[in-house]
Each structure stands twice: as C-alpha cells, then as structure tokens.
Amino acid sequence: MSDKAEVNPMALFQLFNEIGIIEQLSRTIMEARLPKGLIAPHFGVLNHLIRVADGRTLVELARAFQVPKTSMTHTVAGLSKHGLVMVRPNPNDGRSKCVWITDEGRALRDRVITDLTPEFQELLDGFDVERLFAILPVLTDLRVFLDEHRNAEAPRDREFRTQA
C-alpha cells in the first residue's frame, strides 16, 4: 500500500471502526472496575490530569476531550462530588477555574489499573504479546497525528432543530 491515492476510503473506515469497537469493549471492562457513580469519562479526566498535568482549566479540558464546556463541567462536578478533584480559582485569571487532582483521585486511577490485572492477564494469555506491543508505536503516531490535526476549537453545544 505504498500509493496513498489508491487507498479505499472504506479501508480507512474499517480501521477506525475496529479502533472504535476496541475502545467500546475496553471501556466496558474498565467501567466494571470503577466505583458506583463513575464512568469512563470520569476516569479519562483523571488519567489526563495525571498524564498531562493537573491545574487545567475547564476550557482546556473540554478542548482536550473535544466536548462542550458544559459537558466537561458536568464531568468535573461528578469527580469533585466524589473527592477526586478540586476546582479552584485560576491563579493566572480569576475569571476561570482550574481542576486539580486529589490524592484520592490519583489513588483511584492507580487502583483501577491494578484491578484490571485479571483482564490484562487474560489478554496476555490469549493473544500474541509481541504482535500486541508491535502496534503501540503505530497507534501512538496515529494519535499524535490526529491530535495535531484536530479542530482547534472545542465543539459547541448542539441544538436540535427540526426542519420546516
């Protein structure tokens, strides 16, 4: 597949469809390990704050997850209710707030990953580990490419309209 012009759009769709299905299946496994009241988007924010650095504004988080600010506000409120993040005034701009992960949030993220050990072991027992880890650099490169080429503006809240 050296000639990019020859790539069938359906082949690319199939690739992203497989990635989407894998995400859905893995999300279901992970959500079974989360405490009651938490879902994958909550875990995603905790993981992001650890991976990238906490102290992010709600707008920065909404852009990172490509969701409306109202959705991110709701997600962060759920995390705050469980004591997993703290929302404090932005030290650089008093008009906005920043999200900081708590020790409880860090511990929960680490515990969920540890609790996935049986599922990870089942995967390692039933799948060729060398093939599995061989795709990691390609997936990382794909993520970086997509991240660099996404829309700079966060999606707006959508209104549902009926056509006349």
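## Salt bridges

A salt bridge here is a side-chain nitrogen of Lys or Arg within 4 Å of a carboxyl oxygen of Asp or Glu. Arginine 106 makes one with aspartate 54, with 3.6 Å between the closest N and O atoms. This pair joins distant parts of the chain. Arginine 106 sits in helix H5, aspartate 54 in the loop between H2 and strand E1 (56-57), and 52 residues separate them. Both partners are partly exposed, a class that lies between buried (under 20% relative accessible area) and exposed (over 50%), judged with a 1.4 Å probe and protein chains only. Arginine 106 has 32% relative accessibility. Aspartate 54 has 21%.

The whole structure holds 6 salt bridges. Arginine 27 is partly exposed at 30% relative accessibility, and glutamate 23 is partly exposed at 40%. A further bridge brings together the side chains of arginine 109 and aspartate 110, at 3.2 Å from N to O. Arginine 109 counts as buried because its relative accessible area is 18%. Aspartate 110 is partly exposed at 41%.

## Model and overall fold

The model is predicted: local features need pLDDT of at least 70, side-chain atom pairs count only at pLDDT 80 or more, and totals for chains, interfaces and linings use all residues. Residues are numbered from 1 along each chain as its sequence is written, and side-chain values use heavy atoms, with hydrogens and water left out.

The protein has 8 helices and 3 strands. These are DSSP runs numbered from the N terminus: helices are H or I with at least four residues, strands are E with at least two. Read from the N terminus, the order is α-α-β-α-α-β-β-α-α-α-α. Of the 164 residues, 21% are buried.

## The largest pocket

How many residues line the largest pocket? The lining has 46 residues, and Ile19, Ile22, Glu23, Ser26 and Leu139 lie nearest the centre. Helices H1 (9-31), H2 (40-51), H3 (58-65), H5 (103-115), H6 (117-126), H7 (129-134) and H8 (136-148) each give two or more residues to this lining. H1 supplies the largest share, 13 residues. The volume is about 3,000 Å³. A pocket is found on a 1 Å grid over the protein atoms alone, as an open set of points where a 1.4 Å probe fits, with protein on both sides within 12 Å along at least five of seven lines; lining residues have an atom within 4 Å of a point. Its volume is the space filled by probe spheres set on the points, which are joined across faces, edges and corners.

By residue class, the lining divides into 28 nonpolar, 7 polar and 11 charged residues. Nonpolar covers Ala, Val, Leu, Ile, Met, Phe, Trp, Tyr, Cys and Pro; charged covers Asp, Glu, Lys and Arg; the others, Gly among them, are polar.

## A nonpolar surface patch

Leu12, Leu15, Phe16, Ile19, Ile135, Leu139, Phe145 and Leu146 make a nonpolar surface patch of about 670 Å². H1 and H8 are the elements that give it two or more residues. H1 gives the most, with 4 residues. Members of such a patch have over 30% relative accessible area and no salt bridge, and their nonpolar side chains (Val, Leu, Ile, Met, Phe, Trp, Tyr) are joined within 5 Å. Areas come from the Shrake-Rupley method with a 1.4 Å probe, and only the protein chains shown count as cover for residues.

Phenylalanine 145 lies in helix H8. Phenylalanine 145 is partly exposed, with 45% relative accessible area.

## Backbone and loops

Most residues other than glycine have a negative phi. Alanine 53 has a positive phi of about 130° although it is not a glycine. Alanine 53 is in the loop between H2 and E1 and is partly exposed at 32%. Glutamine 66, also not a glycine, has a positive phi of about 50°. Its loop runs between H3 and helix H4 (69-81). Glutamine 66 is partly exposed, with 38% relative accessible area.

Threonine 114 lies in helix H5. Threonine 114 counts as exposed because its relative accessibility is 53%.

Notes: Patches are made of residues with over 30% relative accessible area and no salt bridge: like charges are joined within 9 Å, nonpolar side chains (Val, Leu, Ile, Met, Phe, Trp, Tyr) within 5 Å.
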